[in-house]
Amino acid sequence: MKLTTFLFLLCCATFAAAQSTRTLWFDEPAKFFEETLVLGNGRIGASVFGGVAVDSMFLNDATLWSGGPVDRNMNPDAHTHLAAVRDALAREDYPAADSLNKRLQGSFSQGFAPLGTLYLNFQHEKGEVKNYYRELDIEQAVSAVRYEVNGVKFQREYFISAPDSVMVIRLWSSKKGALNFDLNFKSLLKYSVAAQGEALMAAGYAPVVAEPSYRGDMPNAVVFNEGKGTRFAAQFFIKNKGGELVKNGGGIGLRNGTEATIFVSMATSFNGFDKDPVKEGLDATAIAKRNLKNASAKPHKDLLDDHRKDYMRFFKRVSLDLGATAAPNLPTDERLIRYAKGEEDKNLEILYFQYGRYLLISSSRTPGVPANLQGIWNPYVRPPWSSNYTININAEENYWLAETCNLSELHQPLLSFIKNVSTNGATTAKNFYGVQRGWVACHNSDIWAMSNPVGDFGKGDPVWANWNMGGTWLSTHLWEHFTFTQDVDFLKNEGYPLMKGAAEFCLDWLVKDKKGQLVTSPSTSPENKFVTPEGFHGATFYGGTADLAMIKELFEQTIAAAKTLKTDADFAKQLETALAQLAPYQISKTGGLQEWYHDWQDEDPKHRHQSHLFGLHPGHQITPAETPTLADACRRTLEIKGDETTGWSKGWRINLWARLRDGNRAYKMYRELLRFVPPDGLKTNMSNGGGTYPNLFDAHPPFQIDGNFGGAAAVAEMLVQSDDKQIHLLPALPDAWKSGSVKGLCTRGGFVIDMDWKDGRVVKVNVFSRTGGTARLTDGKDGRWEVEVKKGASVEVAW
């Protein structure tokens with residue numbers, strides 16, 4: 001048997017056996033970005049269309065952004081206006097406070113840039129295309145396409161290797177000499193491309209300015225400067241078996257081949273958030289060339305084996321089974337449509353959960369460069385919301401699944417990014433807020449670790465421009481990482497110093513209200529507005545519930561960290577004193593948790609943000625068991641808001657309902673998160689509502705990856721919850737998941753849980769401990785166990 005024939009039979013067998021819990025598949029090529037199959041190694045990203053005549057691939061590098069290091073002194077006198085804002089608030093003059101708050105603004109963030117598009121132009125014989133199939137196997141992080149033309153079978157395989165830092169595309173034809181194609185590259189950035197020897201070499205640079213797309217058409221929205229901006233290099237090489245390599249029209253190609261492997265190597269000059277990418281940058285061309293040379297010298301089997309081994313060591317840690325399903329194995333888009341009609345498809349629910357894990361593995365492996373609003377997949381020079389780090393929820397939501405879903409190492413890009421932000425944030429604290437200790441971060445950030453409030457120096461609405469609790473929220477991730485890993489060295493050397501700095505800022509930022517309580521002033525509640533009794537619609541006020549909830553969480557965690565490390569006892573006492581003086585939660589006349597200091601109306605009662613519920617989730621201050629009155633108020637807030645909202649907000653609300661122990665409501669919203677949203681080719685179109693695109697990307701709309709991550713985290717939250725006291729099994733199990741099993745979910749305390757349940761009750765649990773300790777288990781019913789587990793050992797409990 002010929003090798004090509006064997007490979008085709010093997011691939012066809014693989015396709016036939018593909019399980020719907022791990023495979024996205026379609027019977028036609030992608031027409032829109034939201035139908036592509038995405039690949040990534042944590043730095044390099046590709047969105048594959050899988051076309052027959054032309055196969056296009058959007059290429060990205062996580063480190064290619066517009067702009068350069070932040071000017072920390074962009075508005076050094078901003079803090080001189082703070083007293084006027086506070087005075088206006090003290091007089092309850094909210095229109096004046098809104099206006100004056102604009103003086104505490106700086107520049108906008110920069111944006112994540114597209115590197116370019118790879119085109120494979122095939123010269124097939126004329127004839128009908130038959131048996132088209134494309135898939136993404138998320139268990140192996142390998143995509144494939146197959147089809148027939150005039151009886152000739154064609155097969156492509158795509159993956160992006162982390163060990164070898166290249167994208168690999170392998171192509172086969174069942175007929176000798178039938179593989180003919182040209183390879184070309186284009187970019188929306190400034191670039192040049194030329195064939196050199198047997199390779200195609202592209203080089204270019206990102207703009208120094210890319211204004212946020214929501215600013216609309218404006219002069220100089222995108223500005224290039226040949227002497228500035230991050231450099232990029234992309235190099236392409238064809239390794240053929242049979243046929244002849246050619247140069248054609250600014251590209252390279254293959255004629256009369258049978259098999260070929262294309263290597264794609266990309267790099268940028270980015271060398272750190274505080275380094276000029278031109279004067280202090282890396283040599284992108286040399287890096288791309290080196291990676292291309294090393295990878296192309298390896299046998300394909302070794303490349304694929306190394307890639308699979310590297311990727312699967314993360315992915316295989318967690319498995320989920322929700323019981324038998326009668327759902328047919330349809331193309332993914334048809335499955336979504338069927339599911340949206342209320343049909344059962346447990347394996348689609350599992351697939352979406354595991355796809356969230358797949359996306360994090362694929363987009364979050366670059367130190368100091370966390371997954372952004374679009375992960376690492378973006379085709380636009382001015383992407384929606386700049387594809388930046390929106391740290392009033394979205395960047396944090398990206399990482400809710402990192403610890404619980406056994407991907408703790410992939411939390412590191414965000415954790416190291418926090419340190420970068422703190423460096424710039426120390427100057428922002430002084431210049432914008434007159435606070436000499438600690439550090440602060442605001443609504444938006446970018447690869448340059450921007451920390452200032454945005455708005456273009458007074459042009460922004462405070463409702464989104466002036467919020468300054470980003471550093472407070474981000475810092476809670478440091479403690480969460482410790483509680484799951486029990487890594488004392490991390491806490492001592494990295495986590496605690498950053499937590500303490502964020503807490504120092506908050507201590508000095510708080511002021512006393514007329515009752516002698518500590519509040520923030522000025523305050524905004526992310527992207528929402530209040531309506532005063534006089535009818536004023538505003539954003540600037542004092543004593544925001546969200547602010548105080550985040551500060552409370554940070555203070556409590558910093559106190560716990562200081563006690564764990566047996567350090568800073570005096571500072572911990574300062575935090576304890578401040579905690580006792582924080583303005584308390586309030587319940588509004590509607591019965592919901594009050595968002596504003598006064599019991600005002602919301603401009604939009606169904607607003608997508610629910611930041612004032614932070615204490616319920618992702619915080620730990622409100623629980624049905626320990627604070628039932630506040631938990632009921634949170635429930636009432638969610639009932640008033642309703643379930644219809646954007647994709648990322650649905651993800652958050654599912655987690656909130658899970659924390660309220662309402663599995664059926666959480667499941668209802670999970671199903672709605674998977675509601676099919678047809679792609680429309682527009683970057684921003686919110687008319688369809690939140691849901692899921694054909695390729696399982698979250699639809700805000702447009703595409704935002706945070707909904708994928710929030711939804712995946714919510715599945716884990718429905719099955720296992722934990723705090724510093726106990727591990728709660730099946731805390732929010734919906735009726736639809738009556739029986740099942742899960743393996744590999746992580747809990748605080750350094751434990752890993754494998755669990756089987758039947759008829760809604762736990763039947764068996766296996767507890768593994770990374771560090772050794774006592775696991776206190778409960779099912780919220782009559783089951784309660786206390787298990788001592790040695791480091792590196794497991795204990796099985798029959799319930």
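**Sheets, helix contacts and salt bridges in the predicted model**

At 30% relative accessibility, Arg 437 counts as partly exposed, a class lying between buried (under 20% relative accessible area) and exposed (over 50%), as computed with a 1.4 Å probe on protein chains only. Arg 437 forms a salt bridge with Asp 508, with 3.0 Å between the closest N and O atoms; a salt bridge requires a side-chain nitrogen of Lys or Arg within 4 Å of a carboxyl oxygen of Asp or Glu. The two residues are 71 residues apart and link distant parts of the chain, Asp 508 being in helix α13 (residues 488-509) and Arg 437 in the loop between α10 (412-433) and β21 (444-445). Asp 508 is likewise partly exposed, at 36% relative accessibility. Helices (H or I, at least four residues) and strands (E, at least two) are DSSP runs, numbered from the N terminus.

The model is predicted, so that local features need pLDDT of at least 70 and side-chain atom pairs count only at pLDDT 80 or more, while totals for chains, interfaces and linings use all residues. Residues are numbered from 1 along each chain as its sequence is written, and side-chain values use heavy atoms, with hydrogens and water left out.

Another salt bridge is formed by Lys 725 and Glu 626, whose closest N and O atoms are 3.1 Å apart. Here the partners are 99 residues apart: Lys 725 is in the loop between β29 (720-722) and β30 (727-729), and Glu 626 in the loop between β26 (601-602) and α16. Glu 626 is exposed, with a relative accessible area of 53%. Salt bridges with shared partners also join Arg 22, Asp 137, Glu 139 and Lys 316 into one network.

Asp 547, by contrast, is buried but has no salt bridge, and the nearest side chain of opposite charge, that of Arg 86, is 9.8 Å away; Lys and Arg count as positive and Asp and Glu as negative, with His and the chain ends not counted. Asp 547 is located in helix α14 (residues 545-565). Leaving aside residues up to four places away in sequence, Asp 547 touches Trp 467, Met 469, Thr 520, Ser 523 and Thr 524, contact meaning heavy atoms within 4.5 Å.

Axes are lines fitted to C-alpha atoms, for helices over the stretch in contact, and angles run from 0 to 180 degrees between N-to-C directions. Within this sheet, strands β9 (residues 166-173) and β18 (residues 259-268) pair in the antiparallel sense over 6 bridges, and Val 168 has Phe 263 of β18 as its bridge partner. Strand β11 is joined to the antiparallel strand β12 (residues 199-205) by 7 bridges, with Gln 196 partnered by Ala 199 of β12. The hairpin of β11 and β12 has 2 residues between the strands, and Gly 197 takes a positive phi near 65 degrees there.

Another open sheet consists of 5 strands in the order β19-β31-β32-β33-β36, again with antiparallel pairing. Strands β19 (319-321) and β36 (794-798) form its edges, each pairing on one side only, and the twist from one strand to the next averages 20 degrees. Strands β32 (residues 751-758) and β33 (residues 761-769) run antiparallel and are joined by 8 bridges; Val 767 of β33 is the bridge partner of Ile 753. Helix α7 (residues 346-363) lies across β19 and β31 (740-747), at about 165 degrees to β19.

How values were computed. Two strands pair if DSSP finds at least two bridges between them.
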